[in-house]
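Colleague: Could you take me through how to read the strands and helices of a model like the one below?

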Amino acid sequence: MFNVVVSHSNDPDTTSAAEDILRQCKEQLVGQTPTAGLLFAAIDFDHQSLLNRVMDAWPNLQLIGCTTDGEVSSVLAFQQDSVTLMLFCADDSVQISAGIGLDAAGDAIASAKSAVAQATPALNQPLRLCITVPESLAVNSKAILDGLAEALPEGTPVVGGLAADRWQFNTTYQFHGRSLYSNAVPVLLFAGNLRCAHGVASGWQPIGNPGTVTRSESNTVYEIDGKPALSYYREYLGEHEPSSNYPLAVFTEDEQFYLRAPSGEFDIGTGSVNFFGEVPQGAKIQMSQSNRDNILAASRESMLQAIDAYGPDEPTAALYFSCASRRQLLGTRTHEEFEQARDNIGIDVPSCGFYTNGEISPMELGAATHFHNETFISLLLGPDNKADEQAKH
Amino acid sequence: MPSESENLEKQLRTLRKQLERSEADRAELEITKEKGDALLHKVIIELRDSKKNLELKSAELEQTLQELHSTQDELIQAEKMSALGLLVAGVAHEINTPIGVCVTAASHMQSTAKTLLDTVRQNQPAHSTAEKSALHIQDGANIVLRNLSRAADLIQDFKRLAVDSSIQSNRVFNIGEYLHSVTGSVHSLFNKRAITLSVNGPSDLLIDSDPGSFAQIITSFITNSLAHAFTPDDAGNIRIDFETQGDCLCLRYHDDGAGISTENIKQIYEPFFTTRRGQGRSGLGLNIVFNIVVNKLKGSIHCDSELGEGCCFTVVLPGLQPPTNNSEAIKNVSAGN
């Protein structure tokens, strides 16, 4: 048994919003007790109060979540300043367990490892999936992924998005049970008879003259082509600050590229620019950009990849992690991203997600996990019936 | 369930928040748009710069190409002059022999004449001695005349070849005779090598064409065979056959030397293609032949060869004159030594 329900409220008042989502969930649960949940909430809520309300309703709930830059669900589609809660009901065939690692800004690897260590003891079946929604500001996201990869069995897919704060880049929050954190790495581990499939696509393309990162350290780029990184950005964006909707395309040796978005932090004195994720020194880079049609085409591609990988059965639930920069550029067309998802995946499939400061997934299941920027990640979940049948025999 | 007033309050809260949010979003969208505009502006400038760069590069390339063409023309001219040089050297070598014979004969005649003169001055010439001396002088004069005539012929050939090589003009000429003149003048190239050279074809075949070009074609074929087909110690045969082929002249140049690989045969007419660059070959010889045959004489050229199987160039040229009646096959074999 693997059931999923979703609730969503756009009431800006925390108490009313909490009542809203609890009422919606209870109506759908009809007496069942959920084992785990994901909570995505806009930055302006009283998050502690939200967590208390949810945990008061289901004290044993394995809950994680984070603050966002916009929320989506099958209940209210795309919203800003809203809160959405997805609850999982499962018997022993699917085990779900939450964990949290603290001080990700200090030691990201240790933090990620301690989150997994905390969640793992409750599971005695093979791990199928790790959902994570870590801190995005002032942490090395790649190091978080390295820590998770070290702690998890090889090949465990890690999917999720980095917590956001509605384009302010000041403070993001992570949730674990009743506790509210910053600089933390929450994980939700799924074990047992769970089937999952995902898709990932971007829609950003390099533009302008290529350059070389001549000095960088972890997430901070100091110089591009021997000049301050900030000057490079100003050459392209005028006097505007570097922002995550104008990421750098970082080229790999095989001429492929991945995107690294500025986190919004920069230093006028040294001319350095911080990014969500590491930018290697010596890398060939190029400014990149997108438009609304390309962004929406990529969202659709991501969903079709996931549907193709999942197979003919209808999934039980869908999760979406979409980059906040996509929302920035989509503007009034942001709602089309979720509408496409609903049209492709099915109107009845409970789904939710949020706009992130960075996305996490492997390129394909079983492969190494990557940290992305500017992407749309679709994740489909359902019971693994084949495993059920094999168990019966 | 919430009351109606609670619902209204909630709607008001939500709408207020949405209004506040959309104001903030609008400001952000404006900044995003400005960034997009700035990016576009910068990219357009970059495109304009790279267009300028491309135009500059293109002009440089054009210049380089012109220089290359000019260099190529100079090299082709040099190759032609070198072919002319070969002819001159050949003729000089050929003339050396009759002149040498003349010098020997003349000095013998001088000595005989001096002896006869002395005898006459002493008023005691024996009739038999005087006659002997006169006969010697007569023989000598004959030798001198014969050899001077040979030298005159050679000089005539040389004049014709030199003029033909430097002045490009059509005239009607006998192919067999002309080919003999050419092969005769490059005889010295064989330099005691065991290679025979023969020219075979009808004696009365006339063609209206540029004889200088013929000389160039044959000289290039022969120097090519001597450089590539045969090693200095090889014995071998070179044969030049010619016949009519409809309105055209068909000329086949064979050698039974090393042959050309299938891979190289595709490139032999390309300018600067040579397998012997390190040995002073320019790789222009067959390119010039190709240009003369195809572009200048409006004919065709084809090469059949395999490694170890010798080589045959077939050249078909227009301009053949209507046949005369007293056709007689000519055959001439001249040894390389």
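Modeller: Let us begin with one pair: Ser322(A) stands opposite Tyr355(A) in β24(A). This is a predicted model, in which local features need pLDDT of at least 70 and side-chain atom pairs pLDDT 80 or more, while totals for chains, interfaces and linings use all residues. Residues are numbered from 1 along each chain as its sequence is written, chains are lettered from A and ligands numbered from 1 in the order written, and side-chain values use heavy atoms, without hydrogens and water.

Colleague: In which sense do β23 and β24 of chain A pair?

Modeller: Strands of a sheet pair through backbone hydrogen bonds, either parallel or antiparallel. Here β23 (317–323) and β24 (351–356) of chain A pair in the parallel sense over 6 bridges; pairing requires at least two bridges found by DSSP, and strands are DSSP runs (E, at least two residues), as helices are (H or I, at least four), numbered from the N terminus.

Colleague: What is the order of the strands in the open sheet of chain A?

Modeller: The 6 strands run β5-β4-β24-β23-β27-β13 in chain A, with mixed pairing. Because β5 (77–79) and β13 (194–201) of chain A each have a single partner strand, one side of each is left without a neighbour in the sheet.

Colleague: How do α3 and α4 of chain B pack?

Modeller: Two packed helices are described by the angle between their axes and the distance between the axes. Helices α3 (175–185) and α4 (211–229) of chain B pack at about 50 degrees, with axes 10 Å apart; axes are lines fitted to C-alpha atoms, for helices over the stretch in contact (heavy atoms within 4.5 Å), and angles run from 0 to 180 degrees between N-to-C directions.
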